[in-house]
Amino acid sequence: MRPASNIPETPQPPYPLIQKSHIVCGFGRGSSELGIPTANIPINDSLNQLDTGIYFGWCKLEVNKEECSKKVERGDGNVVEFNNGSELSASEKDVLPMVMSIGWNPFYDNKEKAAEVHIMHKFQQNFYGSLISYSILGYIRPELNYTTKEALIEDINLDIKIALDTLKKESYANSDL
Ligand code: ADP
Ligand code: MG
């Protein structure tokens with residue numbers, strides 16, 4: 001059973017947790033299996049210290065000018081072309097709401113964590129290789145096991161709703177990004 005989320009009226013320490021990273025490619029499961037794309041970010045020490053589960057907050061994408069364009073063969077066999085955010089429109093570079101999952105990565109025998117961000121925005125193009133600044137403002141729920149894909153999708157949609165409702169509050173409006 002999904003535990004009730006207990007989100008405080010204002011962000012509590014250690015939040016806001018603000019970081020910047022670049023977007024890498026994963027297995028392509030987010031879009032193809034669930035219809036919910038997740039921008040994968042490399043795990044670092046501070047993300048590694050967080051409990052697994054679903055977080056929410058704000059993020060901001062930026063063109064990664066230092067990165068050259070490259071093609072990477074993804075785990076699902078598809079070739080992913082990195083545009084490093086060069087196709088992002090002006091409004092897609094605004095501060096946008098997000099949910100982030102931190103979970104055990106099956107690719108590494110569940111020994112390493114993985115972080116993935118779903119941004120609540122309909123993008124015209126993908127943005128592999130772009131930079132992402134993000135501000136985590138709170139925790140929604142722990143990682144759960146699902147027996148069906150539909151149950152997982154339903155829970156993610158509930159996470160998205162909780163995130164959007166909370167981010168509407170004035171106390172959560174400031175992203176500092
Ligand atoms: P991967 O396994 O390579 O991460 P996904 O199927 O999870 O593949 O898709 C993620 C990619 O989709 C992101 O890296 C990004 O370029 C793109 N994308 C498009 N829309 C979104 C969105 N709303 N949130 C996150 N990523 C998105
Ligand atoms: Mg992904």
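1. N40 stands opposite E116 in β7. Strand β2 and strand β7 (residues 113–119) run antiparallel and are joined by three bridges. Strands here are DSSP runs of E with at least two residues, and helices are runs of H or I with at least four, numbered from the N terminus. Two strands pair if DSSP finds at least two bridges between them.

2. A note on the basis. This is a predicted model, where local features need pLDDT of at least 70, side-chain atom pairs count only at pLDDT 80 or more, and totals for chains, interfaces and linings use all residues. Residues are numbered from 1 along each chain as its sequence is written, chains are lettered from A and ligands numbered from 1 in the order in which they are written, and side-chain values use heavy atoms, with hydrogens and water left out.

3. The sheet is open. Six strands make it up, in the order β1-β8-β3-β6-β7-β2, with antiparallel pairing. β1 (17–22) and β2 (39–41) are the edge strands, each pairing on one side only. On average, neighbouring strands are turned by 35 degrees against each other, direction ignored. The axes behind that angle are lines fitted to C-alpha atoms.

4. Which atoms hold the magnesium ion (ligand 2)? T38 gives O and OG1, and N40 gives OD1, at 2.2 to 2.3 Å. Donors are N, O and S atoms within 2.8 Å of the metal (3.2 Å for Na, K and Ca); water is not among the atoms, so the site may look incomplete. N40 is buried at 16% relative accessibility. T38 is partly exposed at 26%. Buried means under 20% relative accessible area, exposed over 50%, partly exposed in between (1.4 Å probe, protein chains only).

5. Ligand 1 is surrounded by 21 residues, and the closest are G26, G28, S31, N40 and Y128. To count, a residue needs a heavy atom within 4 Å. A backbone N or O atom of G26 lies 2.8 Å from an oxygen atom of ligand 1. A polar backbone atom of T38 is 3.0 Å from an oxygen atom of the ligand.

6. R74 deserves a look. A polar atom of its side chain lies 3.3 Å from an oxygen atom of ligand 1. The R74 side chain also makes a polar contact with the side chain of Y128, at 3.0 Å. A polar contact is a pair of N or O atoms within 3.5 Å; within protein, one must be able to donate a hydrogen and the other to accept it, and residues adjacent in sequence count only if both atoms are side-chain atoms. R74 is buried, at 14%.

7. R74 sits in the loop between β4 and β5. These two strands, residues 70–73 and 79–82, pair in the antiparallel sense over four bridges. They form a hairpin with five residues between them. G77 in the turn has a positive phi of about 90 degrees. V72 stands opposite V80 in β5.

8. Backbone points to check. The P13 to P14 peptide bond is cis, with omega near 10 degrees. Y15 and P16 are also joined by a cis bond, with omega about 0 degrees. N84 has a positive phi near 60 degrees and is buried at 4%.

9. How many disulfides are there? The count is zero. A disulfide is a pair of cysteine sulfur atoms within 2.5 Å. The C59 sulfur is 19 Å from the closest cysteine sulfur, in C25, so the two are too far apart for a bond.

Methods: Axes fitted to C-alpha atoms, helices over the stretch in contact; angles between N-to-C directions.
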